[in-house]
Amino acid sequence: MKGRSAMDEVTPFSWPVRVYYEDTDAGGIVYYANYLKFLERARTEWLRSLGIEQDTWLTHRIGFVVRQVEMDLLRPARFNDELQVTVVVERLKRASVVFQQQVLGTDGTVLCQAQIKAACVNLGEAEEGVRAVPMPAEIIEVLKRAS
């Protein structure tokens with residue numbers, strides 16, 4: 001991944017995940033797409049820890065959608081492993097946020113690292129479609145304090 005490493009500059013939020021049988025492929029290792037689920041859960045719990053409840057914002061038709069993913073799978077996680085998934089804000093813009101995330105083994109080994117760009121969108125009526133909008137000021141302020 002390009003650019004500075006946000007992981008080295010602040011203490012990341014960390015969320016525990018256990019690998020279940022359903023997360024693995026025929027070889028007993030985590031199927032690559034399931035890392036995206038682990039990363040999403042950690043971002044959701046991080047927002048929740050900051051008091052940003054996404055379901056509340058959805059009632060106002062405001063949501064976040066992943067726009068871009070860059071993910072490196074470095075080492076396999078296996079069935080029943082206990083993992084830690086971290087979240088750090090790398091860049092905060094008016095209508096988007098870029099996260100640096102890692103999936104770590106219990107010994108701290110980086111198994112997966114990812115850069116995720118999420119856009120703030122208005123979830124208008126079906127005929128209006130989904131469109132990018134500036135994040136509400138309340139969310140920007142919370143994210144600034146946390147990054």
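**View 1. The largest nonpolar core has 33 residues.** A nonpolar core is a set of buried Ala, Val, Leu, Ile, Met, Phe, Trp, Tyr and Cys residues joined through side-chain atoms within 4.5 Å. Buried means under 20% relative accessible area, exposed means over 50%, and partly exposed lies in between (1.4 Å probe, protein chains only). W46 and F99 have the most contacts inside this core. Two or more residues come from each of β1 (13-18), α1 (32-49), β3 (82-92), β4 (96-104), β5 (110-123) and α3 (137-146). Helices (H or I, at least four residues) and strands (E, at least two) are DSSP runs, numbered from the N terminus. In soluble globular proteins, nonpolar side chains tend to be buried together. The model is predicted: local features need pLDDT of at least 70, side-chain atom pairs count only at pLDDT 80 or more, and totals for chains, interfaces and linings use all residues. Residues are numbered from 1 along each chain as its sequence is written, and side-chain values use heavy atoms, with hydrogens and water left out.

**View 2. F99 and E90 are in contact.** Contact means heavy atoms within 4.5 Å. Leaving aside neighbours within four places in sequence, F99 also contacts R43, W46, V87, V88, V89, A114, Q115, I116 and A118. E90 belongs to strand β3 and counts as buried because its relative accessibility is 7%. The side chains of E90 and Q100 make a polar contact at 2.5 Å. A polar contact is a pair of N or O atoms within 3.5 Å; within protein, one must be able to donate a hydrogen and the other to accept it, and residues adjacent in sequence count only if both atoms are side-chain atoms.

**View 3. I29 lies in the loop between β1 and α1.** With 26% relative accessibility, I29 counts as partly exposed. Not counting residues up to four places away in sequence, I29 touches D23, T24, P76, A77 and R78. From I29 to R91 the C-alpha distance is 32 Å, and the two are 62 residues apart in sequence.

**View 4. R61 and N80 are loop residues.** R61 lies between α2 (54-58) and β2, and its phi is near 70 degrees, a positive value in a residue other than glycine. N80, in the loop between β2 and β3, has a positive phi of about 75 degrees although it is not a glycine. R61 is partly exposed because its relative accessibility is 36%; N80 is partly exposed, at 43%.
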